[in-house]
Amino acid sequence: MEVDREDGRTPNQLRPLACSRNILHRPHGSASWSQGDTKVLAAVYGPKAGTKKNENAEKACFEVIWKPKTGQIGKVEKEYEMILKRTIQSICVLTVNPNTTTSVIIQVVHDDGSLLPCAINAACAALVDAGIPMKHLAVAICCCLADNGYVVLDPNKLEEKKMTALAYLVFPNTTLSVLPEGSSVAEGEPVEHGIITSVTHGVMSVDDYFLCVENGRAATASLSAFFRKNFQQSQRDSSKAG
């Protein structure tokens with residue numbers, strides 16, 4: 001059984017990826033990330049002294065501020081802020097800069113589907129650009145379940161509306177060569193077997209969920225390769241400039 005996608009992609013095919021870092025002058029780190037026509041800017045400010053209320057002063061604190069393309073922030077955007085904050089906290093080394101706050105600003109440029117994974121990928125790239133110590137990188141993807149039971153990856157806005165359920169999945173990416181100084185690899189279970197973040201919308205069976213995880217994890221190989229190629233190119237460009 002096949003799924004006809006209007007843009008001609010196969011079910012597991014991602015849209016074209018693009019990433020640029022160090023694009024803004026005032027933040028300590030910045031990045032733009034686009035998947036097809038979905039584009040997000042991420043800016044990192046900090047770490048700055050002091051933590052937010054109710055945060056542990058013995059660890060680094062992160063805050064996420066989501067800025068929609070138009071209008072006011074709503075319930076969905078607040079949920080995105082919370083998911084992104086928890087994801088960032090799980091991949092960053094919180095003991096290196098205790099009693100500090102790092103702000104991550106997400107600016108939506110255009111939303112044509114898979115917006116949250118695009119924002120997570122942008123934030124990860126901006127954190128690397130800012131030199132924030134990290135346990136590992138993360139790659140995010142949206143997996144949708146069609147009404148015929150087929151899994152579709154990286155849906156656009158029109159496809160999202162037609163799907164019966166979707167899962168936002170964030171997987172670890174162990175691209176060590178591009179991590180900032182002070183970063184480390186988490187001990188314990190092999191990092192490539194883990195899931196950092198999982199958020200589902202709609203109704204799907206357990207089997208369908210694990211099918212989404214399986215397809216999503218397979219697709220992260222191309223995302224990880226893109227991260228690696230993009231970051232290494234940035235390092236070469238910086239060396240030439242220096």
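Of the 16 residues of helix α2 (115-130), 15 are buried (under 20% relative accessible area, with exposed meaning over 50% and partly exposed in between, using a 1.4 Å probe and protein chains only), so α2 is largely enclosed by the rest of the structure. Welcome to this predicted model, in which local features need pLDDT of at least 70, side-chain atom pairs count only at pLDDT 80 or more, and totals for chains, interfaces and linings use all residues. Residues are numbered from 1 along each chain as its sequence is written, and side-chain values use heavy atoms, leaving out hydrogens and water. Helices (H or I, at least four residues) and strands (E, at least two) are DSSP runs, numbered from the N terminus.

**The sheet**

- An open sheet is formed by 5 strands in the order β1-β2-β3-β5-β4, with mixed pairing; two strands pair if DSSP finds at least two bridges between them.
- The edges belong to β1 (17-21) and β4, each with a single partner strand, so one side of each is left without a neighbour in the sheet.
- From one strand to the next, the twist averages 15 degrees; axes here are lines fitted to C-alpha atoms, for helices over the stretch in contact, and angles run from 0 to 180 degrees between N-to-C directions.
- Strand β3 (residues 38-49) pairs with β5 in the antiparallel sense over 9 bridges, and Tyr45 has Ser103 in β5 as its bridge partner.
- β4 and β5 pair in the parallel sense over 7 bridges, with Trp66 standing opposite Ile106 in β5.

**The helices on the sheet**

- Which strands of the sheet does α1 touch? Helix α1 packs on the sheet against β4 and β5, and its direction makes about 145 degrees with that of β4; contact means heavy atoms within 4.5 Å.
- α2 also packs on the sheet, touching β1, β2, β3, β4 and β5, and its direction makes about 150 degrees with that of β2.
- β4, α1 and β5 together make a left-handed β-α-β unit; a crossover is right-handed if, with the strands pointing away from the viewer, the path from the first strand over the helix to the second runs clockwise.

- The buried residues of α1 are Glu77, Tyr80, Glu81, Ile83, Leu84, Thr87, Ile88 and Ile91.
- An α-helix has 3.6 residues a turn, so residues three or four places apart point the same way.
- The elements that the buried residues of α1 pack against include β6 (137-145), β8 (165-173) and β9 (197-202).
- Gly131 follows α2, and its phi is positive, near 75 degrees.

**Aromatic pairs**

- The whole structure holds 4 aromatic pairs; rings of Phe, Tyr and Trp (its six-membered ring) pair if their centres lie within 6.5 Å, and planes under 30 degrees apart count as stacked, over 60 as edge-to-face and the rest as tilted.
- The ring centres of Trp33 and Phe226 are 5.4 Å apart and their planes stand at 90 degrees, so this pair is edge-to-face.
- This pair links distant parts of the chain, with Trp33 in strand β2 (residues 29-35) and Phe226 in helix α4 (residues 206-241), 193 residues apart.
- Trp33 and Phe226 are both buried.
- The ring centres of Trp66 and Tyr80 are 5.0 Å apart and their planes are at 50 degrees, so this pair is tilted.
- Trp66 lies in strand β4 and Tyr80 in helix α1, 14 residues apart.
- Trp66 is buried at 4% relative accessible area, and Tyr80 counts as buried at 11%.
- Ring pairs also link Trp33, Phe226 and Phe227 into a cluster.

- Cys92 lies in the loop between α1 (75-91) and β5 (100-110). Is Cys92 buried or exposed? Cys92 is buried, with a relative accessible area of 0%.
- The residues that Cys92 touches include Phe62, Leu127 and Met134.
- Pro47 lies in strand β3 and is partly exposed, with a relative accessible area of 37%.
- Among the residues that Pro47 touches are Asn97, Thr101 and Ile132.
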